[in-house]
Amino acid sequence: MRFHIMKLILWLRNGKIRELEFKNNKVNVITGESETGKSEIISIIDYCFYASEIDITEKKINENVNWYGVKFSINDKIYTIARGRIQERRLSKDYFFSPVGIVPKLPKSNVQESDLKKVIEKEFSITDKTVFTIGSKNITLGSKISPRYFFMFNTQTENIIINSEVFFDKQNNDKYRDALTRIFDLAVGIESEENLILKAKISELNKEINSLNRKKTVFDKATHSFLGDLKSLSEKAQVFNLIDYEAFNIDVVLPKLKAVVTNYKEENITINIDKLNKLKREKNSLIRKIRNLKKFKSEYEEYRKLEAINLDSLKPVVAIKNAYYRLLDLPDLDLIMNVLNEEYHEIKKNISGRPPFDFNVDEKISNYEMDVDNLNMQIIDIPINDARTRNEIDKLMFIGELKAKISLYENSGNESETKNKINDDLKGKIEFRDELEKNIIDYTEQKESVLRLLDELIQNFLEQSEDAIPTYKGYKSAFQYKDKRLKLREPKAILPTKVGSSSNHLFLHLCLFLGLQELIVRQDSPYVPNWLIFDQPSRPYFGEEEEEKTQKEQKEWKDVSKTDRAKIKIAMRLLNDFITYVNDDLKKDFQIIVLEHIPKSIWKEAKLDNFFQVDEDFKNGNALIRFDIKGEPY
């Protein structure tokens, strides 16, 4: 895939713009001191291509940037993507996109991430059919392959480039680790997308077939269960003399059992049960009447007690009226005294006379209780518990059960149709799957051929590097397909050998990735960009660049031994000659970006014509984010 970075743009918070320009068909070198922001360039490019994790330093970088941007060429089109700064350690959802490569004075959000992904996916030849045909805990079967996964074939960050075990970036991320094993064949041309589409369809059919098989199993179990129930019911029906004794045959027994449900008469048991239910209803009615009368009697007694209290309270009124009636000649008082006197005599009459109803409550309650006792005797006399009647009840209960079972079976007619449909669908999908499998191309031989070619290509770079790895001069490339790493095998040896030294590991990484890229170019892979970026290939010779180490603890160029300088020159020449080889022999474009400590004298003295220095050396105040004497970025 034709791809190269043209510019990296930082829109600073003070309104300034910081740009770095890169050239195609060149080894673009950004060189300088530690802690000047060189390694951030990989993180910024990754961030612009909608990274989902934060990997940009807050101090000096993010705190001074408003927008991050990349202008790049892809398949002869020029695009610009910019993404807003990280705020409170949260990824920005603001994106700017120009389909013609415009670099604005200040970006404004004009595109959704989902829409931007569609544009990039199209350029990476990814369609709805470019999917994972094998799932995992971290990858959903049938999900679309992201272009970001293919960038694993393009980058070598500082923590990976000399690793003895891991050769690809982001392998500490479970999703990327799973993705690498699943996209490798597609990336290097072992597998075709057409084959992937067939495999995806077969995987989908297998899921549907498994689902139908589970449904079929459920129906089979239900049918088996019903047949077992029906056999048991027929045996019980024979015990009750409802059907004749004979060997179980569903086609014969089922109609007879239906006839039992339809035609069985239960007059005796119905009469007895109806009589029993009638007596119990009468008994319950009498019990309710007794309860109500007792409640009424209690409430009436309470009423009389209250009236007696009221009578006692009115006795003084009678005494006053009799003794002082003639002495008090007050009309109003006379009226009140007469009213109270009348109320007194009325209450006295009520509580001392007959009740205000025409029956005796106690007598009524007694009569009802006698009626209840009589009903209890009648209930006991009904022959509901004798053997004959008991057998009739059991028979009736059995017929009810039989009716329910047969009804369930008859109502399952639609389910039977469903089962037949499941069998038809299952047969159809199995036949379709088998037909698709005939069209699957077996790439086993092609895979072996491609991997042999990869080892051959890697071997060429190993031979160009043999003076940098003298201990392993003459050793053969032994790419480990399963682990996706490069080992060396001594000539005529079966097993690869263990390689030591970070310098040797560096050259293994360089040779593997140059070999992979040549293979990808030769296979004309539409998924992997013709582009590489290396972060500090000279790391084994300068020492590790870590935050806890100060700049003084890093080696200066003058402190690097002649032997190590020679190895660095070999590594740089390897990259330089790769550009020439791809341009002249393979007739393709290619871009390499190198983030380094080395001085430009390395490529000047070696006459590495494909080297291009991006910006001035990152030292003496020059850096990714530069600061003037007032401390302002510019």
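The structure is a predicted model, in which local features need pLDDT of at least 70 and side-chain atom pairs count only at pLDDT 80 or more, whereas totals for chains, interfaces and linings use all residues. Residues are numbered from 1 along each chain as its sequence is written, and side-chain values use heavy atoms, with hydrogens and water left out.

Of the 634 residues in the protein, 44% are buried, that is, under 20% relative accessible area with a 1.4 Å probe and protein chains only. The protein has 16 helices and twelve strands, taken as DSSP runs (helices H or I, at least four residues; strands E, at least two) and numbered from the N terminus.

Strands E8 (residues 476–480) and E9 (residues 485–489) pair in the antiparallel sense over five bridges, where pairing requires that DSSP finds at least two bridges between two strands. Glutamine 480 stands opposite arginine 485 in E9, and in the hairpin that these strands form, with four residues between them, lysine 484 takes a positive phi near 55°.

Among contacts (heavy atoms within 4.5 Å) between residues at least 6 apart in sequence, 70% join residues at least 24 apart.

Definitions and conventions
Buried < 20%, exposed > 50% of the residue type's maximum accessible area, 1.4 Å probe, protein only.
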